[in-house]
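I open this notebook to record what I looked up, beginning with the disulfides and ending with the cavities.

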Amino acid sequence: MRFLQRFGPGLAISAAAIALSTPGPAIADEATNGKDATYYISLGDSLTTGYQPNVDKDTDVAYTDQLYAQLKQRTPGLKHIRLGCTAETTESLINGGKCDYPNAKSQLDAALQAMAQHKGKVAYVTLSVGANDILLNCAGPAGTLDGACLNSRSQTMAKNLAQISGALRKAGAKDTQFVGSTYHNPFLGAWLQGAAGQQAAKESAPLVKAANAGITQVYKSTGFKVADVAGAFSSDDFTTQVNVPGAGEVPANVAKICQLTWACTKKDPHPNADGHKLIAGAFAAQLADNDVPGASPSPTPDDSATPEPGTSTGSGSGTGSDTGANQPSTNGDLAETGASSSTPVLAGAGLAVVAVGSAAVYFARRRRTTNES
């Protein structure tokens, strides 16, 4: 995550934004009678594609894959349209340019086409986007931040996020459930860097909290529910002390960041498999059993659900099954659409910690990779 400032009138946006992704594969369920099928559409950036820095690839530990496995338990005919894209920003999600989608100009266009094609059969739509707006535009190579760029981009981000969520909401059926997410705070990983890092971690908390409040307001204004990822990660709990092997006693929020992301080991903000599992649970908590097209009256799934073959609940290592670059396998429509494997992407952005009013700046490199075909 990166940098907070204004998120448009009355809204604060992130001083920290979750970093980059590689494009995720389109996940297709086994052949299902189209007449009986219902759909889950996931949109966003690396948070939706399961990027893992230890393998420098997308994997199937993504919260979207784990959530799909849970949702499918109560909606057996459910199919997953997995549209997440590497380094996606709110602007590129609307206009395209990061990934290619068959017969669509952008990720949003692909989602709207899919929703039109499967009108009345889209049960769930999830969205995690916005982090890269600042990272890809306003952060200099030496870890400096362009304040004017930040102010401009944060206002644009609010407008774009409202446009995206509003368009999706309008395209849905009466019973379609929409959920967007807040963000965890990877800046907390700086706690392990000593006194300066601890100060940076403390100063990041109110900024990320303000960012999440702004994101929440935008989502709610367009009829989305909000998955409280920040709450699931205990992002504001500096009081409870937890013993972390190799680090000793640390605040609960720091412990969770170390246990659930790569922030403390690789200085990379991406969640590991267990982190994605927790995020999936935060989304599942917002998705009710009732009023879902094709749903059966089964118990609400919990975060211990076993994924479909080819996915993984994973462990803290976060390796999962490598999916590499996205390899779309379409069936003549957009039901199994994904991003192109030919698109060069930025991947593996390191953790950046910016302490407002402090000289403590931790930046890891950004590197450009190309997808495997």
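For the first entry I take a disulfide to be a pair of cysteine sulfur atoms within 2.5 Å. The model I am reading is a predicted one.

**Disulfides.** I count 2 disulfides by this rule. In one of them, C85 and C99 are joined, with their sulfur atoms 2.1 Å apart. This pair links distant parts of the chain, 14 residues apart: C85 sits in the loop between β4 (78-82) and α3 (90-95), and C99 in the loop between α3 and α4 (107-117).

The link of C258 and C264 is left-handed, with -70° about the S-S bond. C258 is buried, with a relative accessible area of 16%, whereas C264 is partly exposed, with 24%.

**Backbone.** D56 has a phi near 55° and is found in the loop between α1 (46-49) and α2 (63-74). I note D56 as partly exposed, because its relative accessible area is 26%. S234 has a phi near 50° and lies in the loop between α8 (229-232) and β8 (241-244).

**Cavities.** I count 2 cavities of 30 Å³ or more. The second largest cavity holds about 30 Å³ of space. Its lining includes M115, H118, K119 and T176, and the lining residues divide into 4 nonpolar, 4 polar and 1 charged.

Key
Residues numbered from 1 in each chain as written. Predicted model: local features only at pLDDT ≥ 70, side-chain atom pairs only at ≥ 80, totals over all residues. Heavy atoms only, no water. Helix = DSSP H or I, 4+ residues; strand = E, 2+ residues; numbered from the N terminus. Buried < 20%, exposed > 50% of the residue type's maximum accessible area, 1.4 Å probe, protein only. 1 Å grid on protein atoms, 1.4 Å probe; cavity = no way out; pocket = protein on both sides within 12 Å on 5 of 7 lines; lining within 4 Å. Points joined across faces, edges and corners; volume = space filled by probe spheres on them. Nonpolar A, V, L, I, M, F, W, Y, C, P; charged D, E, K, R; others polar.
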